Amino acid sequence: MSALRSPLALAGVGLVTLLVVAAVLAPVIAPYAPDVPSGPSYASPSLDHPVGTNNLGQDMLSRLIWGARASLTVAVGAATLALAIGGVVGMAAGLVGGVVDTVAMRVVDILLAVPRLPLLVLVAALAGAGVLTVTVLIGLMFWPPMARIIRSRTLSLRGRGFVESARGFGAGLPYLIRRHLLSALGPLVAVEFVAVASNAVLLEASLAFLGLADPTAVSWGLDINRALAEPGIYFTSAWLWWVLPTGFAITLAIMGFTLLGVGLEPVLNPRWERGS
Amino acid sequence: MPPGCPFNPRCPQAEDICREQRVSLEPSRARLVACHFGGLKTLLDARDVGKTFRRGRRRMQALDAVSFALRQGESVGVVGPSGSGKSTLARILTGHLATDTGEVTLEGRPLARSWGRAARAQRVRIQLVMQDPWDALSPRLTVEELVREPLDLAGGGGDGGDSAGSVAAALASVGLPASGNFLGVRSHELSGGQLQRIALARAVIIESELLVADEPTSMLDASEQARLMVALRERQTELGLGLVLISHGIALVRKATEGGET
Amino acid sequence: MLLGAYLVTVFALVTLNFSVFFLGSIALFVFAVRLGWFPLSGSSTPFTSLTPLARAGDVLHHLALPATVLAAHFATSHFLLMRAGMVSELGSDYLQAGRAKGLRDRVLKYRYAGRNALLPVVSLMAIHVGTMVTLTILVETVFRYEGLGRLVFDAIRYRDYPTLQGCFLLLTLMVVTANFLADLAYRRLDPRVAT
C-alpha cells in the first residue's frame, strides 16, 4: 500500500472520493433541488448561489453536485460491464487457446477497428440516451481492449513455472484459476477498471454535450450543451460561472480516475514481480 | 512370522502384495533375488523419445530418439551443452510436454498428458525441480503456503495441525528453518539457494517416486550449489527416490550420479 | 529554466484531462471573444465574394482555432511521453560513449537521444490519428465549423437518422484509412519492426 502514498495517487483518491460523496449525498448536501428555479436567471455568484444560476434560474452549485450521479453511475457501471465480459473472454481465450482463442481474438480485432464516438453517437441517437443505455453502450465499447489485455496476462501467467509446478502436483483448472490466476490478475483488473472509468466519464460528457442524454436528468455535459445553445452566451459573464465550473467538474472527475490509475500502477509491477 | 516379505516396511518400492505374500528366491537379471518384482523396479522407461518444435515454416528438432531406463533409487545424469534439448527432455519426462515420437512409461504405465484425475494422480509420482526458482515459486505465497501447496493438492491437507507438522518436517529435511518467522517470508526475500531447497521440499513432501532436476544449480553460487546437492542426495537416499539430474557441468553430474547419458 | 520545464509539465498533466470541447470553449472565449483575434464561428465568412487568395486566407483564419484546439488536446500526451522518453534516454550508456568520442551535447541530444525517444511518440500519434478524426464531431460543434462533425451534431438535433448513418460510415472509413496510413508510416520509421 506504500504505492498509494505518492502525491499523485493521493490526489486521485481525493478526487474520486469527492465524486462519490457528491453523488451519494447529493440530496443532503445540495442547497437546492437542481431542477427547480430557485433564483433569478443568470445571477452572478453570491452567498445565496455560490456558483450563480443558469438561464432557468436553477442553482449551479446544486446542479454540479447532482451531476456527479450521472457521471459516477456511468463510469462505474461501464467499467464493471467491460471487465466482466472482457475478463471472461480474455481468461477463456488465454487458458483454453486453440480455436476459441483465435475466434475470440478475431472478433476483438474487428470490434477494435470501429471508432468509438461515432458509433456511440449513432446508437444513442437511435436507441435513446438514458443513463442505463449509455452505461451499457460504453461498457460494450470497452470489453474488447479489456479482453486483449487480460488474455495477454493470462497467457504469460500460464507459462510461469509456478503454474506448471502446480500442475505437476496434480492441480486441476479450477484450482489454478482460483489460487494463482485471479490473485495475479487482481492488480491489472484494478488499473484497467479505473482507466475505463476515466474514459467513460469523458464519453458520457461528450455524448451529453452533443445533446444525447436524458433531458430530465442532471448531467454536466448536458449543461454545457444548453449553455452553448444560448445565443450570445460568450458575451455575457454567465459563461464564467455556467460553463467553466461545469467543464472543470468533468475534468476533475476524469483526472481523479486517471491519477488513481497512475497510483495503482506500481502495485501492478512490484519489485518482486520483475523476475518474470 | 508376519506374512509377506520381511523387508516390506522398509522397502521404498513396497506394494500391497509385498505385505500379503511371501516370496521365494528366484533367478533374476543374472542374480538370485527374493522379490515380487525381481529386484529393483524399473520406474521410468523412455524409448525413442523425439520432439520437434515447429514455428511457422521453421522446424527445430530438440530430441532425436532418446532412450534410457531408470530403476528405483537409481540416479541418472544427463549432460549436454546449452540448447541440446535437456530441458525439453525434463519436461517430457514429467508430463508437461508431449512427445512427437516414442513413449515414456512410468511404473509400467504410459505417461498421460490429459487433465483427468487419473492422469494427474500419475503425474504426481514424478516431480520436476526447475532451473529458475524465482519462476517456479509464486511470489505471492509465503514459504508455508508454498510448501503446503502440494500437500493440499494431494488431498492430504486434513486438519491444520497435521499439515503444519509435515511442512516443518519437509523444511527441516532440506536444511531450512521451520520457525514462524521463516514460514511467513515471501520468495523475493530469499536467496536462490534457499528457494531451490524450498522447491526440493515441495517435491518430496508428497509421495513421489522420481525426481527430475533440470539444472537445479545453474542459478546458484558455489556454496549454495554444494548445499543443494547435499540436500538432494540426502532426500534421495532416505526416500529411495529415482533421480534424473540434468546439467551442463559434467563434474557435478559425476559426483551425484552413477549412470550416464550424454 | 528548470522551473519553467516543471511548470509546463504540470500544466500538461492537468490539461491532459480536459475534454476537447471544454478546451475549445475556453479557446473560443479567450481568443475569439475577449481578444478578438479569431472569428467566432463558421468555416468561412458568409455572404462575401473574395479573390481566391483572400478566400484561402479567410478559410485559414477560420480554421486556425479549431485545428489548434484539436492539436493541443493531443499535444499534451505527446509532450509528456516525449519528455519521459528523453529522460530515460539521456541516462543511457551510448550517450557516454558518444561524449567520449567527442560529439557535441546538442548533437547528442537531438540526433541520438531525441530520435530514439521519438519512436513511442510516433506510435502514439499513429493511434491518435483515428481518434482525432472522431473528435472533430465535438470540436466542430463548439466552433460551429461546417464540417462532417457539425453535420453529425445537426443530424442529432433534427433526428435526421439517414444522415447520421451516412456520417458514421464516412467517419469509420476515414478512421480506418488514417490508421492504415499511420501504420505504414510507422513501419518505415522503426527499424525494429519487420516488414
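Student: Between which chains are the most contacts found?

Tutor: Two residues are in contact if their C-beta atoms, placed from the backbone, lie within 7 Å. Among the two pairs of chains that touch, chains A and C have the most contacts. Chains B and C do not touch, and their nearest C-alpha atoms are 16 Å apart. This is a predicted model, in which local features need pLDDT of at least 70 and side-chain atom pairs pLDDT 80 or more, while totals for chains, interfaces and linings use all residues. Residues are numbered from 1 along each chain as its sequence is written, and chains are lettered from A and ligands numbered from 1 in the order in which they are written.

Student: At what angle do α8 and α9 of chain A pack?

Tutor: Two packed helices are described by the angle between their axes and the distance between the axes. Axes are lines fitted to C-alpha atoms, for helices over the stretch in contact, and angles run from 0 to 180 degrees between N-to-C directions. Helices are DSSP runs of H or I, at least four residues, and strands of E, at least two, numbered from the N terminus. Helix α8 (residues 173–209) and helix α9 (residues 220–229) of chain A pack at about 30°, with axes 7 Å apart. Angles under 35 degrees count as roughly parallel, so α8(A) and α9(A) are roughly parallel to each other.

Student: In what order do the four strands of the open sheet in chain B lie?

Tutor: Two strands pair if DSSP finds at least two bridges between them. The order is β4-β3-β6-β7 in chain B, with antiparallel pairing. The edge strands, β4 (58–71) and β7 (109–110) of chain B, each pair on one side only.

Note on methods
Angles under 35 degrees count as roughly parallel, over 145 as roughly antiparallel, 65 to 115 as roughly perpendicular and the rest as oblique.
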